[in-house]
Amino acid sequence: MESTLKLIVVVTGKHGAGKDFCGQVWASTLEDHDHDTRAVSISDVTKREYADATGTDYDRLVFDRPYKEHHRAALTAFFQQQVESRPELPEEHFLSLVAKDKDADVLIITGMRDEAPVANMAHLVPNVKVIEVRVKASRIMRQTVPGGYHANVNDTGPSDENCCPSLVFGNNESGVKAAEEFARKHLLPLVHEDLQKLSDMVRVVPDFPQPGVNFRHVLGISQKPDGLALCTRLLHSHFSGSWPKVDAVVCCEAGGYVFASALAMWADRPLVLIRKAGKLPPLTLLTVKPLSYISKLAPAQDQEQRIEVEQDALSGVKSVVVIDDVLSSGETLCGILQLLLQAGIQAGHVQALVVAEFPVHRGRAFLRQQGFGKVDVQSLMVFGGE
Ligand SMILES: O=P(O)(O)OC[C@H]1O[C@H](OP(=O)(O)OP(=O)(O)O)[C@H](O)[C@@H]1O
Ligand SMILES: Nc1ncnc2[nH]cnc12
């Protein structure tokens, strides 16, 4: 599908948190900065089908809050029933929205019920960056929204159990101003032209390492004039956490070393190096992992790898950022996370930042399956797998 879309923002949060309000404000802030932005609700598709099936008024379901509240439980049951008979329906709804607004720069989607929208949907639009922004508001605040929080409404909202939103917006203060400020600070950088500049530095090599693969030479950025400096600056500024709270920058040989070393120096944080087994002196922690997606395609070799980290390098370390050049199948990041876990560092204290992600290989879904969904994973660029 030919598309100009660069960014899809999926807005999640509890009932009455102000998701639609935020979506509208963020869209107009991005518009003010010349990014063609559309804010749409994925539940409108279901509302239309529900209205057709039950003879209810579609316009009132969308615009009349009390009317919508009255039908909320029945609408939810209707959607659940539909999904039971057609499990692929959420993906179909997502793709139909994207197809409608494929000529925009940014699409802001509210109303999605998926637990982990980035892990579950991003592979469907592999050239577009997809992020989840969770809107959080106190119960008091949610009660002030017209037609907002009702004690009898299922209030669980999205769970933090095995997933981590890309960003969180606290919708508690001065309404429009705070939401505008959030869009300027956190969303505008995601469509900044510097990312395109970085992407232009990635050489595409057809039929490498196998016929049919378009290899993206992400590591080659560091061989371009100013490439490493640009990439380091972007990694530093795109990190959504707080650098002073990071105890160490963790990386695995070989690709990760280049970008992690430069970033660790820039952020003034110590490095922790993971190497293939047998290279680091004892005492070490060890794990066995399958090869990365791209290494599996290289000429015959073992299908497994043993990787190690020095125990001492992680002693006293509580919170880390993992840096890698690429995330594709997630095998490498999973191996790193297993080593960190052995050292007592839980997923909730790890953030991962990669230069390029290949969502078609479903790395995020794999990490969730392995129990690492709580790790906050961010990527500067995304590439399709063609
Ligand atoms: O998500 P995955 O499928 O694991 O792919 C990502 C990994 O692939 C590459 O490493 P590779 O293992 O090929 O080794 P290298 O860095 O030594 O080239 C890259 O440096 C990442 O670490
Ligand atoms: N096409 C590709 N180029 C470089 N690294 C990759 N990892 C997975 N797919 C890749």
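Predicted model: local features only at pLDDT ≥ 70, side-chain atom pairs only at ≥ 80, totals over all residues.
View 1. Elsewhere, salt bridges that share partners join Asp-36, Arg-38, Asp-101 and Asp-103 into one network. By the rule given above, the count of salt bridges comes to 15.

**View 2. The salt bridge between Glu-69 and Arg-72 within helix α4.** Both residues belong to helix α4, which covers residues 65-85, and they are 3 residues apart, about one turn of the helix. The closest N and O atoms of Glu-69 and Arg-72 are 3.1 Å apart. Since buried means under 20% relative accessible area, Glu-69 counts as buried at 15% relative accessibility, whereas Arg-72, at 23%, counts as partly exposed.

**View 3. The salt bridge between Glu-115 and Arg-368.** In this pair the closest N and O atoms are 3.7 Å apart. The bridge links distant parts of the chain, for Glu-115 lies in the loop between β3 (106-110) and α6 (117-121), while Arg-368 lies in helix α14 (residues 363-369), 253 residues apart. With a relative accessibility of 36%, Glu-115 counts as partly exposed.

**View 4. The region annotated as a phosphoribosyltransferase domain.** An unreviewed UniProt entry carries the annotation "domain: Phosphoribosyltransferase" for residues 221-354. Over these residues the chain is 31% helix and 28% strand, and the end C-alpha atoms are 13 Å apart.

**View 5. The largest nonpolar core and the surroundings of Val-355.** The largest nonpolar core holds 30 residues, of which Leu-198, Ile-221, Val-355 and Met-381 touch the most other members. At least two residues of this core come from each of α9 (193-200), α10 (227-238), β8 (248-252), α11 (255-267), β12 (320-327), β13 (350-357) and β14 (376-382), and α11 gives the most, with 6 residues. When neighbours within four places in sequence are left aside, Val-355 is in contact with Leu-198, Val-218, Ile-221, Cys-231, Leu-235, Phe-259, Asp-324, Asp-325, Leu-380 and Met-381. Another core, of 29 residues, lies apart from the largest one and has Ile-274, Leu-285, Ile-345 and Val-350 among its members.

Note on methods. Residues numbered from 1 in each chain as written. Chains lettered and ligands numbered in written order. Heavy atoms only, no water. Salt bridge = Lys/Arg side-chain N within 4 Å of Asp/Glu carboxyl O. Helix = DSSP H or I, 4+ residues; strand = E, 2+ residues; numbered from the N terminus. Buried < 20%, exposed > 50% of the residue type's maximum accessible area, 1.4 Å probe, protein only. UniProt positions renumbered as here; feature names shortened; annotations may be inferred. Core = buried A, V, L, I, M, F, W, Y, C linked by side-chain atoms within 4.5 Å. Contact = heavy atoms within 4.5 Å.
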